[in-house]
Amino acid sequence: MYEYLKSLHLIFVITWFAGLFYIVRLFVYQIEASEKPSPEKEILQKQYKIMTYRLWYIITWPSAILASFFAFWMLFFTEIGAAWLQMPWMHVKLGFVFLLYLYHLKCHQIFKQLQNNDIKYTGNFMRIWNEGATIILFAVVFLVILKDAVNWIYGVIGIFLFSILIMLGFKFYKRIREKK
C-alpha cells in the first residue's frame, strides 16, 4: 500500500510543479500582451486568461491538494511515514513544503489580479519569480534523496549559489533578448 501512496504522491507533486512552472510563464506572456497594441492586446489577453484559468483550476490546484493528501496519508497512516516524521530531514522538508504553499498562494493572488487586468508586476519580475519553485524543488529533491538534514546548511548554501547562477543566467538572457 505504501508504494502506491508514494507513487501517487510523486505523480501529483510532478504535476503540481509543472503547473507552477507553466502558470508563471503564462503570467509573463499575459503581462507582455498588455503592452501590445489593439486588437492584438485584447485577443492575447483573452486567450491567456482562459489558459491560466484552466491550468490553475484543472491541473495546479487539484495537484497541490492531491499531492498533500497522499503525503498526509503516507506520513500519518503508515509505519514508514510515522518513522520519517521523527527524522530531522523530514522536518526541514516540511518547512520547504510550507514555503511551496506560500509560493503557490502568492501565485494564486497574482492569478486573480491578472484575471481582473490588474497588472502589478513586470514580465522580468515574473521571470525571476518563476525560479522560486525551482529552488524549492531542488531543496526538496535533495533532502528526500539524501535524507540528511544534519548537513542542510551546505544544502542552503548550495541553493543560494544555485539562485545566484540562475539570476546571472537571467541577466545574460535578458541582454541577449534586448539586443534582438
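Because the model is predicted, local features need pLDDT of at least 70 and side-chain atom pairs count only at pLDDT 80 or more, whereas totals for chains, interfaces and linings use all residues. Residues are numbered from 1 along each chain as its sequence is written, and side-chain values use heavy atoms, with hydrogens and water left out.

The protein contains 7 helices and 0 strands, where helices (H or I, at least four residues) and strands (E, at least two) are DSSP runs numbered from the N terminus. Along the sequence the pattern is therefore written α-α-α-α-α-α-α. The C-alpha trace spans about 60 × 35 × 20 Å along its principal axes. Of the 180 residues, 36% count as buried; buried denotes under 20% relative accessible area, exposed over 50%, and partly exposed the range in between (1.4 Å probe, protein chains only). With contact taken as heavy atoms within 4.5 Å, 80% of the contacts between residues at least 6 apart in sequence join residues at least 24 apart.

The largest pocket has a volume of about 740 Å³. Its lining comprises 33 residues, of which His9, Val13, Lys93, Val140 and Val144 are the closest to the centre. Pockets were assigned on a 1 Å grid over the protein atoms alone: a cavity is a set of points where a 1.4 Å probe fits but cannot get out, a pocket is an open set with protein on both sides within 12 Å along at least five of seven lines, and lining residues have an atom within 4 Å of a point. Grid points are joined across faces, edges and corners, and the volume is the space filled by probe spheres set on the points. At least two lining residues come from each of helix 1 (2–33), helix 2 (40–77), helix 3 (79–84), helix 4 (88–115) and helix 6 (131–146). Helix 1 gives the most, with 11 residues. By residue class, the lining divides into 26 nonpolar, 4 polar and 3 charged residues, with Ala, Val, Leu, Ile, Met, Phe, Trp, Tyr, Cys and Pro counted as nonpolar, Asp, Glu, Lys and Arg as charged, and the others, Gly among them, as polar.

Aromatic rings of Phe, Tyr and Trp (its six-membered ring) were paired if their centres lie within 6.5 Å; planes under 30 degrees apart count as stacked, over 60 as edge-to-face and the rest as tilted. Trp16 is buried at a relative accessible area of 3%, whereas Tyr101 is partly exposed at 22%. Trp56 and Trp61 form an edge-to-face pair, with 6.3 Å centre to centre and 75° between the planes. Trp56 is buried at 0% relative accessibility, and Trp61 also counts as buried, at 19%. A cluster linked by ring pairs consists of Tyr53, Trp56, Tyr57, Trp61 and Phe111.

Two further residues of helix 2 were examined. Thr52 is located in this helix and is buried, with 0% relative accessibility. The side chain of Thr52 reaches the backbone oxygen of Lys49 at 3.1 Å. Apart from neighbours within four places in sequence, Thr52 contacts Ile23, Leu26, Gln30, Phe111 and Gln115. Leu55, likewise in helix 2, is buried at a relative accessible area of 9%. Excluding residues up to four places away in sequence, Leu55 touches Gly19, Tyr22, Ile23, Leu26 and Thr60. The C-alpha atoms of Leu55 and Val141, 86 residues apart along the chain, are separated by 24 Å.

Backbone geometry was also considered in the loops. Ser38 and Pro39 are joined by a cis peptide bond, with omega about 0°, and Pro39 lies in the loop between helix 1 and helix 2. In the loop between helix 4 and helix 5 (123–129) lies Asn117, a residue other than glycine whose phi is positive, near 60°. Asn117 is partly exposed, with a relative accessible area of 48%.

Technical notes:
A polar contact is a pair of N or O atoms within 3.5 Å; within protein, one must be able to donate a hydrogen and the other to accept it, and residues adjacent in sequence count only if both atoms are side-chain atoms.
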